[in-house]
Amino acid sequence: MIAAIYARKSTGQHVADDAKSVTRQIDNAKAFAATHGWTVGEIFIDDGVSGAETKRLRERARMIAAASNREFDAVIMQAQDRFSRRDGHEAVGELQQLSKHVEVWFYADSQRFESGTFASNTLGFLQAEFAAEYRRAIAAKTTEAMLRKAQQGYVTGGKVFGYENARLNGHVERTVNSSQAAVIKEIYQRYADGEGFKQIAHSLNARKLPSPRPQRGRPAGWDPGTVRAVLKRSLYRGVVIYNRTKKRDPDGSRHRGRQPKKDPRDWITVEKPELALVSNRVAEQVDTRLANRRHTYLRGTKGRLLGRPRGAVDGKHLLAGFLQCACGATFEAVRGYYVCSARRRKGAAVCPSEMSFPVARIDHVFLDALEQTVLSPTFIDRVLDATFAVPPDANREALVQERVRVASEITNLTAAVAQGGELSSLVKALAERDARLKQLDKQLAKPVDIPDREVLKAALELRSGQWRDVLRSQHMQQARLVLQHLIDLPIRILNEPPPPYIKKGDTRGTENIGKWQAQTRPGGLLVGLIHNVASLTVPSWNQIAGFLESMRRLRDHSGFAT
């Protein structure tokens, strides 16, 4: 019989190969195979990877694939916890799938993994849960040690651009890297002086200045996102902040994507003025500019971000980049006129259209049309009709029926567990049903408010009036953002031959040449009040009441800072 070997160690060991844990595991597994007269086949090793991070256990995944193809007859490992440290039912389920293809042996106790009986299922589940609990205990001790280091201002992670890590008396401290620190200082000063992220990044790359280590497979160099991250990092101001985000899920796996933030009360903040690379004056200038930049974004009544301006944040003209020529390119503003960017930059061979529109006049004409449609009382009534087409308790009966069904399934699964069924799959199914039952109870516990059409109408009228003011104001960034909520961009211009009374090259009155085509967004006025009005989602009337109160307090201010 051919036996494969799987070895794993959670943390990497910086020692000779013959002293590593995985090396000992392999030697012991080979000895175990020899006592049974088996031939050792392929050896799979995951070194320095937690047993809970299944997506990073690449060799384990390769071993499972090989087992499903029957490339060997058995797999040997030290113990069940080498294969997985996930929660009990998850780990047992993974081993059960593997054992359908090959025999699974643990050399530590010379036992073969088995399932299908009450005793084997219970034993396997308990062993897996003990392994998971050990992982949780180690994680708690590690967290405690890291918090203690952070409170003393020591390094708890890897290197940061601008500094070197130096080991001293059993801990690691940071020292300033002068050449990299000079780059950081330049970034702060240039941004404080008015340059943008992209401009700064391109300039640094052109001079081939040092940059942070790139992600695997990407070229080295600065990009706008990296420049922004530098400006936001508190360490460059001499402040060390630890425990801001949650790195792992409760099951031990790493968060995918952006890590969720923890309660600021749990953060650990330590002043380290000797590590500051920029002065307080420059840092304050940077923060002021970043704050002003954030004010160009539209926010709802509770401060939730509702969107960002399309195209350039600092666009100076209302419709620049929003008008689309028949050739597919957008119009840009040049010397007081909107012109097709493709014709201007690439010539008549690419775009034959000779259309151009006076900026001031066409903005006025467009806003008149917009106010007569999307911001009109008639349009508000249409939005209200769509919103109230379905009663707020329409889906309550469906929730009640689903709860009865889920409760019945839980009863059946509990009986199956008592009768000695396949424990891992039953426990997993039971946990899923229990979680769904809690969700249903939470939804059904919410009181069903009787919607007040007049309250919502008042909120929409207040917003409509304020958005009218902003569209006609000098707050161009916010006005452009309002357009994105009211119509589906771009605004298409259908080219047609100019009337014979318009001479070639004469742009007077050309705002009436051709046809415009733009689709309104019925739910645009409701953004931040009701989600997905187009799909007739029931509104949150508490949000509407809160919105009305906020609007009353802020009538004299811009409607987008709320």
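The model is predicted.

**Stop 1: the aromatic cluster**

Select F32, W38 and W105. These three residues form one aromatic cluster. Across the whole structure, a search finds eight aromatic pairs. Take F32 and W38 to begin with. Their ring centres are 6.1 Å apart and their planes meet at 75°, so this pair is edge-to-face. Planes over 60 degrees apart count that way. Both F32 and W38 are buried.

Now keep F32 and turn to W105. The pair of F32 and W105 is tilted, with 6.1 Å from centre to centre and 45° between the planes. Where do F32 and W105 sit along the chain? F32 is in helix α1 (residues 21-36), and W105 is in strand β4 (residues 103-106). The pair therefore ties together parts that are 73 residues apart in sequence. W105 is buried, as is F32.

**Stop 2: a salt bridge in helix α2**

Next come the charged pairs. The whole structure holds 22 salt bridges. Select R62 and E59. Their closest N and O atoms are 2.9 Å apart, in a salt bridge. Both residues lie in helix α2 (residues 58-68). They are three residues apart, so about one helical turn separates them. R62 is partly exposed, at 38% relative accessible area. E59 is also partly exposed, at 22%.

**Stop 3: E164 and K159**

Select E164 and K159. They form a salt bridge, with 3.1 Å between the closest N and O atoms. K159, at 59%, counts as exposed.

**Stop 4**

Select R405 and E409. Their side chains form a salt bridge at 3.1 Å, N to O. The two residues are four apart in helix α13 (residues 396-418), so they are separated by about one helical turn. R405 is partly exposed, with 43% relative accessible area. E409 is partly exposed too, with 23%.

Now widen the selection to E402, E432, R433 and R436. Together with R405 and E409, they are linked in a network of salt bridges.

**Stop 5: the positive patch**

Select R228, K232, R233, R244, K261 and R293. These residues form a positive surface patch. Centre the view on R293, which lies in helix α9 (residues 280-294). Its relative accessibility is 31%, so R293 counts as partly exposed. Patch residues need over 30% relative accessible area and no salt bridge.

Note on methods:
Residues numbered from 1 in each chain as written. Predicted model: local features only at pLDDT ≥ 70, side-chain atom pairs only at ≥ 80, totals over all residues. Heavy atoms only, no water. Patch = residues over 30% accessible without salt bridge, like charges linked within 9 Å, V, L, I, M, F, W, Y side chains within 5 Å. Areas by Shrake-Rupley, 256 points an atom, 1.4 Å probe, with all protein chains shown as cover. Salt bridge = Lys/Arg side-chain N within 4 Å of Asp/Glu carboxyl O. Lys, Arg positive; Asp, Glu negative; His and termini not counted. Charge placed at Lys NZ, Arg CZ, Asp CG, Glu CD. Buried < 20%, exposed > 50% of the residue type's maximum accessible area, 1.4 Å probe, protein only. Phe/Tyr/Trp six-rings, centres within 6.5 Å; stacked < 30°, edge-to-face > 60°.
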